Amino acid sequence: PVTAGSVVVPYGHVIGNEKWRGSEVAQRLQGKVRLIFEDGLGLVDFHLSNRTCILLISEADLVAGDEFKRRLVRFRNASSLTGIVIVEKTQISDQYYLGVQKLVVLELGMVLLPVANQGEASQLIIQLVSSCIILKYGIKDRCANPFLRQQRAQPAEPAVLRTVQQIPGVGKTKALLLLQQFGSIHQLCNASINELEQAVGQTVAQQIYTF
Amino acid sequence: LARVCRVPAEQSPALCVLADSREICSGPAVISCLRAVHGLRVQVCSLGTSDYVVSSRLAVDRLFQSELLSPGSRSKLSQRLQRLQGLFERICVIVETDRVRPGETARIPQRTQYYAGVLSALVQAGIRILFSSCQEETAALLKDLALGEHRKDAAIQVPTEPEGHRRDILSFYLSIPTLSYGAALNLCHSFGSVAAVANSSVPALAAGARLSRAQAEELHRFLHHDFDLQLLPQPLPAKGK
């Protein structure tokens with residue numbers, strides 16, 4: 001059965017599929033996060049938040065054939081949740097990894113993370129849960145994630161100066177002169193040759209004008 | 001290496017990938033594989049920011065797994081990726097397994113909690129992650145990415161080697177901090193002169209350089225920025241020196 005609707009996940013909890021009860025992943029998660037088991041999650045193995053869920057593919061699934069692929073495609077078609085696929089990449093299942101990656105990341109556009117065993121999977125789930133919480137409740141907000149771009153207002157002056165210096169024949173001194181006279185690159189571009197000649201010499205004015 | 005495998009370049013519909021010049025040292029097999037096996041046009045240029053540019057909006061960074069595993073390289077990595085996010089709509093990292101030096105046995109890297117944290121931060125930041133076990137696989141992944149972007153009509157389709165006067169103009173565009181190499185090439189190609197760019201409206205810039213609306217606005221603001229000498233960081237030497 002495909003359940004497409006999102007599940008309400010309370011703060012700091014993970015909702016796990018009944019089939020994982022007693023497994024190594026579940027045991028390791030317990031104590032770190034509050035794990036609730038529920039029946040009828042359908043294709044999904046763990047719900048981390050209202051929007052994010054995890055599909056776990058074991059080594060055995062990989063080796064057994066294409067059943068897991070059907071499951072992923074069905075999930076992708078049925079659900080609008082962000083699906084993170086965790087796959088057990090071991091020495092045995094390694095040979096299938098490239099194919100899986102192509103399907104999951106390049107064709108389905110989902111996230112794929114390899115782990116070596118269930119212990120690593122649980123470690124990863126714990127980290128994902130904690131970053132979900134940070135994102136959702138705005139603790140320290142964006143600063144907490146080192147890979148999110150922080151908007152910082154920087155004065156554009158040094159950059160404008162550097163750009164003007166790229167015009168042939170213009171060094172730092174002339175660039176300053178030109179910018180003081182014309183104000184912006186836009187106005188500099190629309191300056192007549194006479195105006196340029198008043199600021200800098202005739203040769204350079206010609207150079208700038210033809211540029 | 002740069003001149004050897006030039007044959008695929010003759011097929012005009014060949015996909016084009018820009019590679020950073022540092023990659024000649026660190027990933028020679030990636031570049032030669034892209035050219036020889038996959039028949040892509042690889043243009044080596046000094047991108048500075050990312051290792052590869054696959055389309056006008058997608059940048060790819062090639063990382064070693066050890067870089068993700070060691071907390072020491074965290075600040076460098078985050079700086080790099082934050083910068084990329086300012087320039088590109090989409091970012092992908094290819095995590096490559098470290099090469100084993102001759103005489104050394106392959107160590108199975110100890111996955112730490114730190115590693116799990118880095119991965120989840122990347123996921124949350126919306127950065128695509130691909131894993132590769134060697135340079136050849138990385139090349140195949142790059143080709144797949146380029147193909148995908150081509151299907152979405154975002155491939156690099158302009159000539160990548162401007163000549164003469166155009167080279168000066170390219171370096172002018174490249175010095176604008178919010179423009180990526182691909183966007184600068186597009187500007188070079190779709191506008192006749194710098195003045196034409198400076199006099200363009202935001203939508204015209206977005207269409208010509210294939211930028212997003214926000215990026216085009218930023219470029220427009222930059223070109224119209226009123227220069228104020230007082231805001232320069234350090235006092236400049238007096239005139240006449």
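**Chain contacts and folds**

Analyst: In chain A, residues 24 or more positions apart account for 58% of the contacts with a separation of 6 or more; contact means heavy atoms within 4.5 Å. This is a predicted model: local features need pLDDT of at least 70, side-chain atom pairs count only at pLDDT 80 or more, and totals for chains, interfaces and linings use all residues. Residues are numbered from 1 along each chain as its sequence is written, chains are lettered from A and ligands numbered from 1 in the order written, and side-chain values use heavy atoms, without hydrogens and water.

User: What share do residues 24 or more positions apart have in chain B?

Analyst: They account for 71% of the chain B contacts with a separation of 6 or more.

User: How many helices and strands in chain A?

Analyst: Chain A has 10 helices and six strands. These are DSSP runs, numbered from the N terminus: helices are H or I with at least four residues, strands E with at least two. Chain B has 11 helices and six strands.

User: How do β1 and β3 of chain A run?

Analyst: Antiparallel, with two bridges joining β1 (residues 13-17) to β3 (residues 46-47) in chain A. Gly16(A) is opposite Phe46(A) of β3(A).

User: New topic. Is Ile92(A) buried or exposed?

Analyst: Ile92(A) counts as exposed because its relative accessibility is 52%. Buried is under 20% relative accessible area, exposed over 50%, partly exposed in between (1.4 Å probe, protein chains only). Ile92(A) sits in the loop between β5 and α4 (94-107) of chain A.

User: And Arg74(B), where is that?

Analyst: Arg74(B) is in helix α4 (residues 74-87) of chain B. It counts as partly exposed because its relative accessibility is 34%.

User: What percentage of each chain is buried?

Analyst: Buried residues are 51% of the 241 in chain B, and 49% of the 211 in chain A.

Methods: Two strands pair if DSSP finds at least two bridges between them.
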